[in-house]
Amino acid sequence: MILRSELLSARKVRHGFSTRIGGVSQGPFATLNVAVGPGDEPAAVTENLRRFAAMIEVDPERLYQTSQVHGSDVRAIEPGDVRLEVLHEHADALVAHDPSTAIGIRVADCVPVLLHEGKTGVVAAVHAGWRGVVGGVVQAALAQLAIRARGSRDIVAAIGPSIGPCCFEVGEEVASAILDAAPADGVVLRDRPRPHVDLRRAVRLQLLALGVADANIEDVPGCTKCDAERFFSHRRDGARSGRLIAAIAP
Ligand SMILES: [Zn+2]
């Protein structure tokens, strides 16, 4: 029902990547959809979030999310912030330091990244689609995390289920932009008629370039488009795709 990172679990960090299993939504949103935007029943989404929060042992009333716009703004959460106000603010990454709070981002093919700084317990959650990868959302989130961790960089990163290189076909302009943002072999694959992108590899390369140790970066596997049993996928399901959540608590 929920996927976890071994590295974050070893640090006893409360976190999880949801699957579509274990909720109450119907039809295209079956069953654990966490977004009302695509047209699901608000009561079902509230119940799904309550169940997910229980699974990762956080208070759903203290689980902060933002309005995601494929940008690179980072919202730092303070204990006094009003959850429903933050939900309407535009940001694609959150950081948090207070154990009474938790933060989450929603995905349906984009790459979810959860980060934890070991000395201070500061955490970050990042929504990294290709626009975010190109726009620097990973760098922006890590910079805010480092500020709140007062320079300590004992960072673990978990990269969650997302559309894989098996399925993420793009045009030449997108391929070129991504390669500029993460210039290395294996990011853009040219073994088929049109380019395919390994976006998780691009995120890993960006983390490595920022000084996160390779051994501290974990892939929590799964292709959202291939695996319709476990995941929602915007590419596969279109506008009425459900959304998954990745969340973490300080
Ligand atoms: Zn796939």
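Helices (H or I, at least four residues) and strands (E, at least two) are DSSP runs, numbered from the N terminus. Just after helix 7, Gly 211 takes a positive phi of about 100 degrees. This is a predicted model, in which local features need pLDDT of at least 70 and side-chain atom pairs count only at pLDDT 80 or more, while totals for chains, interfaces and linings use all residues. Residues are numbered from 1 along each chain as its sequence is written.

**Overall form**

The secondary structure of the protein comes to eight helices and 13 strands, and its C-alpha atoms fill a box of roughly 50 × 45 × 30 Å along the principal axes. The radius of gyration is 17 Å, which agrees with the value near 18 Å that a compact globule of 250 residues would have; this radius is taken over C-alpha atoms, and the globule rule is 2.2 Å times the number of residues to the power 0.38.

A residue is buried if 20 or more other C-beta atoms, placed from the backbone, lie within 10 Å of its own, exposed if 12 or fewer do, and partly exposed in between. Buried residues make up 50% of the 250 residues.

Helix 7 (residues 199-209) is mostly covered, with nine of its 11 residues buried.

An open sheet of five strands has the order 1-2-13-6-3, with mixed pairing, where two strands pair if DSSP finds at least two bridges between them. Strands 1 and 3 stand at the edges with a single partner strand each, so one side of each is left without a neighbour in the sheet.

| Strand | Residues |
|---|---|
| Strand 2 | residues 15-18 |
| Strand 13 | residues 244-248 |
| Strand 6 | residues 102-107 |

Strands 2 and 13 pair in the antiparallel sense over three bridges, and Gly 16 stands opposite Ala 247 in strand 13. Ile 105, placed in strand 6, is buried, with 28 other C-beta atoms within 10 Å. Ile 105 and Ile 248 are 143 residues apart in sequence, yet 9.5 Å apart in space, C-alpha to C-alpha.
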